Amino acid sequence: MELLEVMRKRRSVRTYTEETVSEEKVTSILQAGLLSASGKAIRPWEFIVIRNKETLKTMAECRVAGSKMLLSADCAIVVLGDEEKSDVWVEDCSVAMENMHLMADSLGVGSCWIQGRLREAPGEKTTEEYLRELLKFPEHFRLEAILSLGMPKNHPEAYELEKLPMEKIHREMF
């Protein structure tokens, strides 16, 4: 499958079956993240793979809204950036997230990007503080996002190239 076709078909999936995502597929998704481009090849990211159902259930409460799909997910990958290694950890972690998102869909695995950075948990904590308490990652690691993974209950239709907002493209000047 050509890369543009993979991108066209990639959609966020928020509902999953009870089927397990194979360890082989999870490994391929993680490898896609590790192969991501990174400023000066610093690779400031770290990934925490969560498969424990009780932990996923607790993680589903990490945001005021937008994280409930973790209740039915088979797996989640928490993407962290080491702010002591790079001043562009946000960008580098975002590229890793997107690589994993694309790889998941190309393998028939549903995935959804759950933004963590700059999000609030219920109560007085940020999503980052909530997850740091739960997952025990050091202070200099910053939360970018969580990638939920599961076998899709349904998969949204692919994007149509003819409907892309081509007016957003400018040539030579704005």
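Arg 51 has a relative accessible area of 26% and is partly exposed, where buried means under 20%, exposed over 50%, and partly exposed in between (1.4 Å probe, protein chains only). Its side chain forms a salt bridge with Glu 23 at 2.8 Å, N to O; the term requires a side-chain nitrogen of Lys or Arg within 4 Å of a carboxyl oxygen of Asp or Glu. Arg 51 sits in the loop between strand 1 (45-50) and helix 3, and Glu 23 in helix 2, so the bridge ties together parts 28 residues apart in sequence. Glu 23 is also partly exposed, at 48%.

This is a predicted model, in which local features need pLDDT of at least 70, side-chain atom pairs count only at pLDDT 80 or more, and totals for chains, interfaces and linings use all residues. Residues are numbered from 1 along each chain as its sequence is written, and side-chain values use heavy atoms, leaving out hydrogens and water.

The structure holds 12 salt bridges, including those tabulated here.

| Pair | Distance, N to O |
|---|---|
| Arg 51 and Glu 23 | 2.8 Å |
| Glu 61 and Lys 68 | 2.7 Å |
| Arg 117 and Glu 144 | 3.2 Å |

Glu 61 is partly exposed at 35% relative accessible area, and Lys 68 is partly exposed at 43%. In the pair of Arg 117 and Glu 144, Arg 117 belongs to the loop between strand 3 and helix 5 and Glu 144 to strand 4, 27 residues apart. Arg 117 is partly exposed at 23%, while Glu 144 is buried at 2%. Salt bridges also link Glu 83, Glu 128, Arg 132, Glu 139 and Arg 142 in a network.

Beyond its neighbours within four places in sequence, Met 59 is in contact with residues including Ile 50, Leu 70, Tyr 130 and Ile 146, contact meaning heavy atoms within 4.5 Å.

Helix 2 (residues 23-34) packs on helix 4 (residues 89-106) at about 145 degrees, with the axes 7 Å apart. Axes are lines fitted to C-alpha atoms, for helices over the stretch in contact, and angles run from 0 to 180 degrees between N-to-C directions.

Note on methods
Helix = DSSP H or I, 4+ residues; strand = E, 2+ residues; numbered from the N terminus.
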